[in-house]
Amino acid sequence: MEMSQPYLYVRPVTSADRDAAAALLGRGMADNPVHLMAYGGDDRSRAHRHAQLMRALLRSSPSLQIEGVDRGEALAGVAAWAPPGRCRPSATTRLRLLGRASTFGLGTASRLLSWNRRWAGHDPDEPHVHLGPVAVDRHLRGQGIGSLLLLRHAQRLDAAGAEGYLETDRPEAVGFYERFGYAVVDEADVLGVPSWFMRRPAA
Ligand SMILES: CC(C)(COP(=O)(O)OP(=O)(O)OC[C@H]1O[C@@H](n2cnc3c(N)ncnc32)[C@H](O)[C@@H]1OP(=O)(O)O)[C@@H](O)C(=O)NCCC(=O)NCCS
């Protein structure tokens with residue numbers, strides 16, 4: 001019997017499914033190299049802890065834009081981005097994140113802080129649209145869902161004539177982002193694993 005493919009569409013993530021988006025980001029990134037180093041533990045606890053941080057971030061960052069790919073019954077992928085001049089979380093958001101991170105223990109909290117500082121230290125001074133976090137649910141990777149999100153994002157950047165920027169700790173993701181016009185501008189070791197910093201020139 002032939003199975004029908006679910007219909008995929010991109011839509012804004014609203015407050016109604018923001019926590020579901022945070023949970024997806026937790027699950028979707030739990031096997032990323034820098035997450036392994038920062039959180040340690042098993043897959044489940046990494047997913048849970050990162051989802052908690054993402055929930056705090058998404059709930060307390062009104063300037064963050066969030067889009068998701070809907071598969072009919074649930075979100076399959078999520079991309080968030082900050083408009084120019086808004087990529088550094090506000091003091092309130094930083095405090096909330098720190099408060100949450102401190103419940104994970106001192107070692108984890110200090111690794112999260114150092115990861116965050118290292119990545120933030122690479123933020124371009126020029127106005128840019130800062131993409132991230134981006135994740136596709138693990139069992140759905142490699143099926144074009146991330147490409148749907150990036151295609152929309154690239155169109156948005158072109159329409160606004162804006163420069164794009166992102167960081168990634170996943171070597172396979174570098175080639176993925178290159179397909180959408182991003183190029184590596186810097187590389188650094190963060191928590192002992194490589195991170196790549198990528199820019200997409202304004203059209
Ligand atoms: C990177 C990511 C968003 C891509 O989304 P996707 O839906 O898997 O991507 P698509 O199916 O549209 O495109 C597939 C391409 O993505 C790349 N890719 C990157 N990571 C991948 C992964 N874990 N599995 C499959 N493809 C991956 C491959 O280059 C692949 O190209 P190929 O088909 O020629 O092999 C997704 O794999 C993911 O969520 N990874 C974990 C979280 C993450 O690393 N986020 C981005 C970095 S911040």
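Helix α7 spans residues 171-178, and its buried residues are A173, V174 and Y177; buried here means under 20% relative accessible area, exposed over 50% and partly exposed in between, with a 1.4 Å probe and protein chains only. Looking down the axis of α7, these buried residues fall within an arc of 115°, so they line one face of the helix. The arc is taken from the directions that run from the helix axis to the C-beta atoms. As a rule, an α-helix has 3.6 residues a turn, so residues three or four places apart point the same way. The buried residues of α7 pack against β4 (129-136), α6 (145-160), β5 (164-168), β6 (183-190) and β7 (193-200), with contact meaning heavy atoms within 4.5 Å. Helices (H or I, at least four residues) and strands (E, at least two) are DSSP runs numbered from the N terminus.

The model is predicted: local features need pLDDT of at least 70, side-chain atom pairs count only at pLDDT 80 or more, and totals for chains, interfaces and linings use all residues. Residues are numbered from 1 along each chain as its sequence is written, and side-chain values use heavy atoms, leaving out hydrogens and water.

At least two shell residues each come from α1 (18-29), β4, α6, β5 and α7. There are 21 residues around the ligand, and V136, G144, G146, S147 and R179 come nearest; a residue counts as near if one of its heavy atoms lies within 4 Å. By class, the shell splits into 8 nonpolar, 8 polar and 5 charged residues, where Ala, Val, Leu, Ile, Met, Phe, Trp, Tyr, Cys and Pro are nonpolar, Asp, Glu, Lys and Arg are charged, and the others, Gly among them, are polar.

As for polar contacts (pairs of N or O atoms within 3.5 Å), an oxygen atom of the ligand sits 2.6 Å from an N or O atom in the S147 side chain. A polar backbone atom of G146 is 2.7 Å from a ligand oxygen, and for an N or O atom in the side chain of R170 the distance to a ligand oxygen is 3.2 Å. The protein covers 78% of the 840 Å² of accessible area that the ligand has on its own, by the Shrake-Rupley method with a 1.4 Å probe.

Elsewhere, H35 lies in helix α2 (residues 33-39) and is buried, with a relative accessible area of 2%. Leaving aside neighbours within four places in sequence, H35 is in contact with M29, A30, G40, R46, H50, W115 and D169.

Note on methods: Polar contact = N/O pair within 3.5 Å; in protein donor to acceptor, adjacent residues only side chain to side chain.
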